[in-house]
Amino acid sequence: MADDQVNQPAGEHEPPEINYDEQFYPARPRRLRPRARLTRLFPLRQRSPRSGKPVGSNPEYVDWLHEESMLFDATDMARQFEGLPSMFQNPYANPDPRSAIEKASVWFTAYPISMITPKGRSFLGTLGDPDLWEIFQRIGIDAIHTGPVKQAGGLNGWDKTPSVDGHFDRISTKIDEIFGTEDEFRGLCEVAANFGGTVIDDIVPGHTGKGADFRLAEMKVGDYPGIYHMVEIPPEDWHMLPRVPRGRDSINLDNEAESRLQKAGYIIGQMQRVIFAEPGVKDTNWSATAPVIGPDGVERRWVYLHYFKEGQPTINWLDPTFAGMRLVIGDALHSLGDLGTGALRLDANGFLGVEKTAEDVPAWSEGHPLSEAANQLIASMVRKVGGFTFQELNLSIDDIRNTSARGADLSYDFVNRPAYHHALATGDTEFLRMTLNLALDLGVEAVSLVHALQNHDEMTYELVHFATVHGQDLFRFRHGEYTGEGLAVQIRSDLIDKLTGDHAPYNLTFTTNGIASTSATVIAAALGYTSIDDLDAEQIEQIRRAHLLLVMFNALQPGVFALSGWDLVGMLTLDRKQVAPLLSTGDTRWIHRAAYDLMDYQPDATQSSSLMPRGVSLYGALPAQLEDPESFVSQLADILRIRKVYKIATSTQIDVPQTSTNAMLVMVHQLEDPDERQVTVLNFADRTVFGHVRSEKLEPSSLVVDMVTDEVIGEIDNLNTFSVALGPFGGKSLLIRPRTEEDVDVGVPDFNEQAGEV
């Protein structure tokens with residue numbers, strides 16, 4: 001062993017300059033293209049018959065639950081990877097966002113229940129339509145995130161119960177038949193590969209639904225209780241538990257019951273926050289089960305943790321059985337190895353550790369090291385079998401950085417998303433510039449983030465970075481000084497005042513998390529439209545122009561760019577009367593999940609096959625949009641071409657400078673050529689602006705080239721500055737390059753000429 005290796009202090013090992021993945025080796029499997037290669041489990045299994053009462057004393061019911069459970073499938077799945085040489089051929093220690101982006105740079109994020117499909121064709125069958133992929137290829141989309149398509153909800157005896165959270169309360173490894181079949185999923189993956197695309201699936205490391213695994217856990221069968229954060233309460237203390245109403249299987253603990261059980265030493269008590277809090281419905285993160293009889297004849301009651309809804313019991317990542325870990329890893333292997341996906345979204349992966357702290361102090365449940373360790377295990381396993389992961393981690397920038405150090409390859413951009421909505425709502429980019437610079441300063445690179453327009457969730461504005469970890473830190477804003485907590489309150493107030501209420505009754509707040517809205521209705525509210533019932537052509541054009549501004553912000557910077565079907569066709573929110581039953585639980589997000597038709601499959605359909613009402617589309621179906629060069633999708637395709645040609649997605653963000661006018665935003669990126677920079681300049685106001693771009697990262701005498709026209713439009717002066725003019729909600733992607741001999745005689749337009757063009 002070399003002396004320098006012997007003397008190197010522990011903990012200071014650095015990754016090699018070149019790893020196995022970067023050198024040529026013929027036997028290495030193709031990166032990030034898993035394929036369906038395992039034995040297909042489900043058609044081969046002999047399932048136990050369904051007979052007798054669905055109770056713990058019925059062995060056939062218990063056997064049936066066991067065979068329906070995710071833990072049972074996970075065991076079979078893991079065994080098929082034992083001893084495979086492919087398990088040792090991929091690097092897995094470190095996240096690799098650029099490798100992921102090179103395979104999947106622009107994502108279409110689907111939402112299964114909202115997509116209108118051709119008659120007789122399933123959701124998965126529709127996503128595998130070659131005509132749709134040809135359209136996606138013309139636009140520049142190279143990946144599909146399917147959204148949750150596996151069985152979800154719960155079990156009541158032999159019968160399945162509906163999902164309580166849009167299929168994120170998973171209960172099985174099997175595809176839900178309402179979305180299609182496993183063969184259709186595999187077919188989708190094959191079609192995607194033929195077009196150079198990638199399919200992204202979901203796993204949920206944080207919780208399940210109340211399916212077979214949870215029912216077996218209640219009965220105290222085998223390792224199943226070890227899957228969950230659940231505590232058995234002895235009968236002599238059942239008086240401490242609330243009575244479960246008839247017809248229900250559990251009840252949420254109020255604050256007094258939570259405190260009693262904590263003081264008795266049964267649970268760790270109050271969490272740092274109660275997500276989806278609603279008085280009388282969810283007062284705490286704990287619920288008590290009704291009495292359940294197990295196969296041993298013993299009647300039991302349990303208290304279990306759920307960060308989210310009562311039907312989403314939390315997985316325990318540090319139980320001695322490691323049953324929860326086995327369940328999650330098995331689910332991931334099924335998606336990658338049996339279905340053939342190339343990547344996985346990790347949902348609710350920031351809440352995998354919980355620990356008691358001091359008396360009368362909330363438990364440590366966010367930013368816990370166990371979450372980081374668990375995420376490293378999941379992400380490393382996925383990389384080991386040739387895929388990549390991304391996480392939706394609505395925590396502080398510090399937590400995103402720490403979790404990403406060895407965990408997921410990419411992280412959802414929860415910090416800049418509400419900030420760019422704030423910039424649009426106020427016409428002022430000050431807070432957006434703050435969040436971008438905080439990410440730079442704290443070591444969260446833009447290239448490691450998924451920059452998204454609308455998705456299935458609300459426009460989240462919790463601003464956890466400011467409201468929790470940095471709550472008492474001071475921040476300069478609007479010529480004053482705010483604590484982080486005060487700043488979060490101010491930004492939320494700005495968003496609520498501008499985007500909801502009498503100003504925009506078509507948007508609704510969602511508990512304390514954010515605003516239920518589409519991209520189009522956020523823009524409509526920012527433009528001051530109090531009604532969206534009868535928008536005229538000029539108003540639609542203004543919405544489209546601002547929508548493209550948001551595209552430019554998210555796409556013309558390093559990282560993944562993601563957009564939804566609601567974005568592509570310009571969907572508005574639904575009238576709350578159309579989804580009144582779904583809103584009755586307080587979940588207002590259903591107003592922004594309207595059914596849409598990407599390809600004009602069923603022009604006369606009034607709802608999706610999942611019975612979601614069809615909403616109003618401002619832009620129309622994709623084929624017709626591509627015939628119109630001025631349409632939203634055609635202009636989107638132009639932006640994505642620039643992004644691809646100049647490799648902006650894998651560049652490095654090096655500066656977000658202050659601007660001469662508050663409406664402007666400037667982002668400076670280092671391109672592959674060390675002498676070249678790309679500059680994104682945006683105007684978040686509905687008026688023409690003239691300003692100066694100044695950055696120490698711009699070399700004097702370099703030329704400023706419009707990437708759309710290839711015209712030289714300026715020159716960097718001795719103060720590292722150039723001038724620019726932007727129309728209402730306008731934007732430019734500019735190349736900064738050295739002057740060449742061919743440029744000597746080229747005249748450089750001055751500021752006044754640019755202003756005249758605008």
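Guide: Welcome! The model is predicted, with local features needing pLDDT of at least 70, side-chain atom pairs counting only at pLDDT 80 or more, and totals for chains, interfaces and linings using all residues. Residues are numbered from 1 along each chain as its sequence is written, and side-chain values use heavy atoms, with hydrogens and water left out.

Visitor: Let me start with H145. Why is H145 called buried?

Guide: Buried means under 20% relative accessible area, exposed means over 50%, and partly exposed is in between (1.4 Å probe, protein chains only). H145 has 6% relative accessibility, so H145 counts as buried.

Visitor: Where is H145 found, and what is H145 in contact with?

Guide: H145 is found in strand β2 (residues 143–145). Helices (H or I, at least four residues) and strands (E, at least two) are DSSP runs, numbered from the N terminus. Contact means heavy atoms within 4.5 Å. Leaving aside neighbours within four places in sequence, H145 has contacts that include F108, D201, R345 and F390.

Visitor: F108 has come up. Which other residues does F108 contact?

Guide: With neighbours within four places again left aside, the contacts of F108 include L127, F136, L568, Y596 and L598, as well as H145.

Visitor: What makes a group of residues a nonpolar core?

Guide: A nonpolar core is a set of buried Ala, Val, Leu, Ile, Met, Phe, Trp, Tyr and Cys residues joined through side-chain atoms within 4.5 Å. By that rule, the largest one here has 147 residues, and those with the most contacts inside it are F108, L424, I543, L568, L598 and F684. The largest share of this core, nine residues, comes from helix α19 (residues 537–555). Apart from it lies another core, of 43 residues, among them L216, A217, Y304 and L344. In soluble globular proteins, nonpolar side chains tend to be buried together.

Visitor: How do you know that strand β6 is largely enclosed?

Guide: Six of the six residues of β6 (residues 170–175) are buried, so the strand is largely enclosed by the rest of the structure.

Visitor: What makes β3 and β6 a pair?

Guide: Two strands pair if DSSP finds at least two bridges between them. Strand β3 (residues 150–152) and β6 have two bridges, in the antiparallel sense, and the bridge partner of K150 in β6 is I175.

Visitor: Why do K220 and E232 count as a salt bridge?

Guide: A salt bridge is a side-chain nitrogen of Lys or Arg within 4 Å of a carboxyl oxygen of Asp or Glu. The closest N and O atoms of K220 and E232 are 3.2 Å apart, which meets that rule. K220 lies in the loop between α9 (212–218) and β8 (230–233) and E232 in strand β8, so the pair ties together parts that are 12 residues apart in sequence. With relative accessible areas of 44% for K220 and 29% for E232, both are partly exposed.

Visitor: How many salt bridges does the rule give?

Guide: The count comes to 40. One of them joins R545 and E541 at 4.0 Å, N to O. Both lie in helix α19, four residues apart, about one turn of the helix. There is also a network of salt bridges linking D165, K309, D457, E458, D587, R589 and R593.

Visitor: What makes E672 exposed?

Guide: E672 has a relative accessible area of 66%, so E672 is exposed. Its side chain meets that of K647 in a salt bridge (3.4 Å, N to O).

Visitor: Last one: why is D686 called partly exposed?

Guide: D686 has 37% relative accessibility, so D686 falls in the partly exposed class. D686 is found in the loop between β25 (677–683) and β26 (689–694). The D686 side chain makes a polar contact with that of Q542 at 3.4 Å. That term asks for a pair of N or O atoms within 3.5 Å; within protein, one must be able to donate a hydrogen and the other to accept it, and residues adjacent in sequence count only if both atoms are side-chain atoms.
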